[in-house]
Amino acid sequence: MTSQSGDEPNFASSGSGSASGSGSISSKQNDNSSPLWNYVTKLEKRGATGGTWNYQCNICGETRNGSYTRVKAHLLQISGEGVAICKKVTKSQKLEMLTLLEEWEKRKKQGASREVPLPSQCQS
Ligand SMILES: [Zn+2]
């Protein structure tokens with residue numbers, strides 16, 4: 001117990017190699033990117049495809065590689081994801097992130113089904 005090593009999570013390449021069924025290529029990135037990306041700085045994109053980035057956590061300053069899932073696990077301190085959780089994030093910061101995330105996911109859902117039924121306006 002002299003030194004703490006082996007902190008680095010193993011570089012697991014994408015776990016399940018299931019290509020996304022629907023042919024939706026992530027073309028629009030600004031609109032639907034998670035608010036959690038605001039808490040990290042994207043340094044460099046890794047790989048031609050997929051959302052894997054070399055990023056720096058704005059809160060603890062650590063530089064890591066990973067996809068959004070890892071960013072989320074790091075910031076929201078979700079253990080069991082094979083990611084080192086953020087040790088400097090405060091309770092209020094976490095709460096803020098969770099709130100933003102909830103709003104974002106709500107917005108995303110609304111955006112997905114933006115067909116608003118208009119029962120009164122019957123065109124015939
Ligand atoms: Zn961090």
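Cys 86 touches Cys 57, Ile 59, Cys 60, His 74, Leu 75 and Gln 77, leaving aside residues up to four places away in sequence; two residues are in contact if their C-beta atoms, placed from the backbone, lie within 7 Å. The model is predicted, so local features need pLDDT of at least 70 and side-chain atom pairs count only at pLDDT 80 or more, while totals for chains, interfaces and linings use all residues. Residues are numbered from 1 along each chain as its sequence is written.

Cys 86 also belongs to the largest nonpolar core, whose 10 residues are Tyr 39, Val 40, Trp 53, Tyr 55, Cys 57, Val 71, Leu 75, Cys 86, Val 89 and Met 97. Such a core is a set of buried Ala, Val, Leu, Ile, Met, Phe, Trp, Tyr and Cys residues joined through C-beta atoms within 7 Å, where buried means that 20 or more other C-beta atoms lie within 10 Å of a residue's own. Strand S2 gives the most to this core, with 3 residues.

Strands are DSSP runs (E, at least two residues) and helices likewise (H or I, at least four), numbered from the N terminus. In the hairpin of S1 and S2, with 5 residues between the strands, Gly 47 takes a positive phi near 80°.

Methods:
Two strands pair if DSSP finds at least two bridges between them. A residue is buried if 20 or more other C-beta atoms lie within 10 Å of its own, exposed if 12 or fewer, and partly exposed in between; C-beta atoms are placed from the backbone.
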